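Could you look through the model below alongside this note? I have set out my remarks as numbered points, so that each may be checked against the coordinates.

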Amino acid sequence: MNDLVRQHTALDDSDLEWLHLLVSEWQLLSDLSFADLVLWVPTKDGTRYVSVAQMRPNTGPTSYQDDMVGHLVPRGRRPMLDAALDEGRIVREGDPEWREEVPVRVESIPVRRAGRVLGVIARNTNLLTVRTPSRLELTYLQSASDLAQMIAAGSFPFPAEQVDMDASPRAGDGLIRLDADGVVQYASPNALSAYHRLGLATDLVGLHLGQTTADLAPARGPVDEAMVKLASGWAPRETEVEGNEAIIQLRTIPLKPKGTRIGSLVLLRDVTELRRRERELMTKDATIREIHHRVKNNLQTVAALLRLQARRMDSDKARGALEEAVRRVGSIAIVHETLSQNLDERVQFDDIADRVMAMVAELSPGRVVASRTGRFGILTAETATPLSMVLTELLQNALEHGFGPGQRGTVEVTAARGPERLLITVEDDGRGLPEGFDPQRAGNLGLQIVRTLVVGELGGTFDMVPGKEGGTKVLLDIPAEPLD
């Protein structure tokens, strides 16, 4: 819609925002009208109309089999559009149109904002299945007529009340029509079933909805007064009511077709099972985070025991092996600590990489500087855990074997995230690889761990080559999910 409005019309950004707000709400008008809606906006030169949005009803057959968005029609071809735009009134005159042997009633509703008519909604009703309307259908049609008059007057939608239409109740979920005093005039079967689940034992018609709702919900002192007013439909609001082990989502829409409030629409939906599943998921998420937290604590305990044992070793070789084990355990603990703070099994690996680099840099404080360029991005736990160990081994290997005693230098970690791959290089400016060194066969424990994790667990490739100006470059290529 943005492109069509900016390309063909003279509307400004505030007008476009109003049209977006209208389109976010007009599924309700379509369902209540049992009709298709097409939004037509005049072009800059005023000689044509361009259709910028379309909506089909969930409650009846469509009048348009084809997509109408982007169509251009000259002014004069559809006189009802001209009359609605020029006169700023709803136009219902004329006989039904015939489209592919289907009679269609066409109406035009001007879209007004701040005293200006921005465009026209063509409301098209398929009359092929017309029958004697039920009480529910009559209530739908009357409510649709009230909303159409509010659109023509510029009082609907409500700009101060942003609603998530994907999560908001729809007409078919449950509908209640109130009079100006908040008394129920009509309640759809779904709406009545929802209130029965709250604990209501009688019919809703004739009851004051606000007071009835407050009586069914648990007593909450001053909150009851707010509930009474909200459920009475005095203002456009959305809330949830919980009682009798049931949860009902309510949305109130004041009806002011001629500027004065004549009543309200209340849309409602039974969300008991949905909220129960959400709470179960929240409980599971909290449990998973607690497990990660405890795993992290246990790993830190293991690392502390290994560190304590290393201090008691007389052999420098044994002490070094235990200190390497401490760093390996520590790299895994960092991942679990990060996972314990997230709502899902995904982590920002850049933070983990920086912490691993800081941990390994303790091997040569102030002598070799490690740095990172590029981004690893978001990784799953299945990738992050082995990759943290791989990075630990490569950095540890570079610091221990790439530089001699007292030698200064740098180690740079580079990450390049592609659509489906993650390319990583670990390059140092140390003394380089020994002559005849084969990284695929070297027996060093650290390199064995790297090969096993990269190829076996991560499904990637691993290689070590001489750097451009001496030193060593390690190349990793592993699969990675696309970045969000």
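1. Overall form. This is a predicted model, and its chain has twelve helices and 18 strands as secondary structure. The radius of gyration is 34 Å, well over the 23 Å that the globule rule gives for 484 residues, so the chain is more spread out than a compact globule. Taken along the principal axes, the box filled by the C-alpha atoms is roughly 95 × 60 × 40 Å.

2. Burial, surface and contacts. Of the 484 residues in the chain, 49% are buried, while the accessible surface comes to about 23,900 Å², with 52% of that area belonging to carbon and sulfur atoms. As for contacts between residues at least 6 apart in sequence, 62% of them join residues at least 24 apart.

3. The pair α2 and α4. Two packed helices are described by the angle between their axes and the distance between the axes. For helix α2 (residues 13–33) and α4, the angle is about 145° and the axes are 8 Å apart, and α2 passes α4 in a left-handed crossing. On the α2 side the contact is made by Leu22, Leu28, Leu29, Asp31, Leu32 and Ser33, which meet Tyr140, Leu141, Ser143, Ala144, Leu147, Ala148 and Ile151 of α4. By residue class, this contact of α2 with α4 divides into ten nonpolar, two polar and one charged.

4. Asp146 in α4. Which residues does Asp146 contact, leaving aside its neighbours within four places in sequence? They are Arg177, Leu255, Pro257 and Ile262. Asp146 itself is found in helix α4 (residues 135–153), and its relative accessible area is 2%, so it counts as buried, the cut-off being under 20%.

5. The peptide bond from Phe156 to Pro157 is cis, with omega near 5°.

6. Helix α10 (residues 349–360) packs with helix α11 (residues 381–401) at an angle of about 30°, their axes being 10 Å apart, and α10 passes α11 in a right-handed crossing. From α10 the contact takes in Phe349, Ile352, Ala353, Val356, Met357, Met359 and Val360, and from α11 it takes in Ala384, Leu387, Ser388, Leu391, Thr392, Leu395, Gln396 and Leu399. The residues of this contact divide into twelve nonpolar, three polar and no charged. An α-helix has 3.6 residues a turn, so residues three or four places apart point the same way.

7. Helix α6. How many of the eight residues of helix α6 (residues 209–216) are buried? Six are, and the helix is therefore described as mostly covered, where buried means under 20% relative accessible area. The buried residues are Leu209, Gly210, Thr212, Thr213, Ala214 and Leu216. Thr212, which lies in α6, has a relative accessibility of 12% and for that reason counts as buried. Not counting residues up to four places away in sequence, Thr212 touches Leu200 and Leu207.

8. Asn244 is exposed, with a relative accessible area of 53%, and Glu245 is exposed, with a relative accessible area of 78%.

9. Arg311. Is Arg311 buried or exposed? At 63% relative accessibility, Arg311 counts as exposed. The place of this residue is in helix α8 (residues 272–311). Arg311 and Glu400 are 89 residues apart along the chain, and their C-alpha atoms are separated by 20 Å.

Terms used:
Residues numbered from 1 in each chain as written. Predicted model: local features only at pLDDT ≥ 70, side-chain atom pairs only at ≥ 80, totals over all residues. Heavy atoms only, no water. Axes fitted to C-alpha atoms, helices over the stretch in contact; angles between N-to-C directions. Helix = DSSP H or I, 4+ residues; strand = E, 2+ residues; numbered from the N terminus. Left-handed = near helix turned anticlockwise from the far one by under 90°. Contact = heavy atoms within 4.5 Å. Nonpolar A, V, L, I, M, F, W, Y, C, P; charged D, E, K, R; others polar. Rg over C-alpha atoms; globule rule 2.2 N^0.38 Å. Buried < 20%, exposed > 50% of the residue type's maximum accessible area, 1.4 Å probe, protein only. Areas by Shrake-Rupley, 256 points an atom, 1.4 Å probe, with all protein chains shown as cover.
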